[in-house]
Amino acid sequence: MTVHSPTSPLIEIKNLCKVYQTPAGDFTAVNGINVEVQRGEFVAIIGKSGSGKSTFINMITGIDHPTSGEIWIDGASIHSFNEGQMAAWRGRNLGIVFQFFQLFPTLTILENIILPMELNKLYSKSERKERAMHLLEKVEMTAQAHKLPSAISGGQQQRVAIARALANDPPLLVADEPTGNLDSKTAEKIFSLFEDLVAAGTTILMVTHDSDLARRVNRTILISDGEVVNEYLVRALSTLTQDQLVEISRTIQPQIFQPNSAIIRQGEKGDKFYILLNGKADVYIHKPGGSEIQVSQLKPGQYFGEMALLGGGVRSATVKASQDGPASVVALDEKAFNSLIDESRSLREELMGLVERRNTYHQLQTLSSLDEHVLSSILKDKEPIVHKEGHEIIKQGDVGDTFYLLLDGQVDVLVKDEQDSEVLVNQISRGSFFGEMALMGNKRRNATVRVSKGHSAKLIELGVGEFDRLEDSSEDFRTHVYGAAGARKRQLENTRGQGIEK
Ligand code: ADP
Ligand code: MG
């Protein structure tokens, strides 16, 4: 076997085609597939029955021969192998698992596992048995080692078949509907066994009709009529059904944008939703002062332009093809977009959530050029909290260590005067923050904060650690927060006992 650079893809498939000659004429089962699989990936291959999944992977395993195209696995040109070469290569490099387990009925479980080692003259005799027992242990089948396949259940046979596929320690495992013939509980067991293998470094290609399982792997390849549906489209719209994905892939035309050219512009009225299929796209926002800052870079599979459609407004950011190279995007107009979200409640919810998050980022970034990665890692699992008018968020005199970002609404800042009655000293509105003083050494709250009359307040709460991370990530944020805190403190001192005009 050629030793290939470990950084190159494990599998490279170029323009792979399979045409069957049938009495009714030529039938193209696989029509120009281009795919690369990296080492350690767990790839699910999905698609309707008859779409060409088995034909596709049978060419990878060498069970079937391509009509045209190339298959390279770890430097070996599978497409050019004759049967003998293929058998020798496969025996040492590939494990195969089928829907029907195909164990030798006259051999015991243990013998079934030893067989591939014998056939490929791998390991010594005693090692073979030891290895086989070890593999059976891995799939929890040691107790059945001396039984015949007919004496065990389907799920158990499949576990044995997996142990057999692993007999020669192959770096690549290919499975065609390995759980197709099993109940869901047993299927789950097989799947988690695959997850363990991937965690230990095996690359797995698994054909499955089970969309739930497919969602749990690194990567999904959807095949329709012998072709791969753009993977990034599938990723971007992963909440759609396979049929919806196939349907939409037929109706769209990718557009190419040259490096640095704008795809959408802040301030313009937007009527299209975009999915990035190839290349990178940079997102810029104009700060109120006029400067333009890059807030994020989008990768294939990510979308943009959804805010304008859902919010019905103007573009809140500019998105350009990155200077590294052209970007390929698909644009969906309002009608196509609306029918998409009408058809899929989960897509709608996902997009609404995204709009919400991006709105938040946007406001906070405008506030102080926060680093998008730090911000998103902090805000990832945060649900904004909404308080009604009059709700007391902070009480003067309490010990507090929470910092608040005000996403929407308005709050009053009040302090007690000498007569112990409350005086309004400030009002804080959306896009700003409060509670910072307690984080900056002043452990007791020196004012009360309450949701303003006629408003609600939508907040994100940050703990000390999170606040520190934001501080560390952005000079601008630091300057802004400390500057504001200083000003507020002075204002507090000046107006204590006086109040401001309501
Ligand atoms: P899948 O695994 O996605 O269900 P297959 O790869 O088995 O699909 O089949 C793809 C298409 O190719 C089907 O329409 C099938 O009927 C056809 N096909 C598969 N094998 C042959 C063959 N040996 N001769 C002719 N047609 C075939
Ligand atoms: Mg099949």
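Two strands are taken to pair if DSSP finds at least two bridges between them, and the strands themselves (E, at least two residues), like the helices (H or I, at least four residues), are DSSP runs numbered from the N terminus. The structure is a predicted model, in which local features need pLDDT of at least 70 and side-chain atom pairs count only at pLDDT 80 or more, while totals for chains, interfaces and linings use all residues. Residues are numbered from 1 along each chain as its sequence is written, ligands are numbered from 1 in the order in which they are written, and side-chain values use heavy atoms, with hydrogens and water left out.

On these terms, 4 strands form an open sheet in the order β12-β17-β14-β15, with antiparallel pairing. Its edge strands, each pairing on one side only, are β12 (262–264) and β15 (292–298). Neighbouring strands of this sheet are turned by 35° against each other on average, direction ignored, where axes are lines fitted to C-alpha atoms and angles run from 0 to 180 degrees between N-to-C directions. Within the sheet, β14 (residues 281–286) and β17 (residues 318–321) pair in the antiparallel sense over 4 bridges, and aspartate 282 stands opposite lysine 320 in β17.

A further open sheet, of 6 strands with mixed pairing, has the order β6-β7-β8-β3-β9-β10, and its edge strands are β6 (94–97) and β10 (227–228). Strand β9 (residues 219–224) is joined to β10 by 2 bridges and the two run antiparallel, with glutamate 227 in β10 as the bridge partner of serine 224.

The domain assignment, which is automatic or taken from a database, gives domain 1 (11–229), domain 2 (249–366) and domain 3 (379–497). The centres of domain 1 and domain 2, taken over C-alpha atoms, are separated by 39 Å.

Residues with a heavy atom within 4 Å of a molecule count as near it, and ligand 1 is surrounded by residues including Tyr20, Phe27, Lys48 and Thr55.

| Residue | Protein atom | Distance |
|---|---|---|
| Glycine 50 | backbone N or O | 2.6 Å |
| Lysine 53 | polar side-chain atom | 2.8 Å |
| Serine 54 | side-chain N or O | 2.9 Å |

The protein covers 61% of the 560 Å² of accessible area that ligand 1 has on its own, by the Shrake-Rupley method with a 1.4 Å probe. The elements giving two or more residues to the shell are β1 (11–22), β2 (25–37) and α1 (53–60), and α1 gives the most, with 3 residues.

Note on methods:
A polar contact is a pair of N or O atoms within 3.5 Å; within protein, one must be able to donate a hydrogen and the other to accept it, and residues adjacent in sequence count only if both atoms are side-chain atoms.
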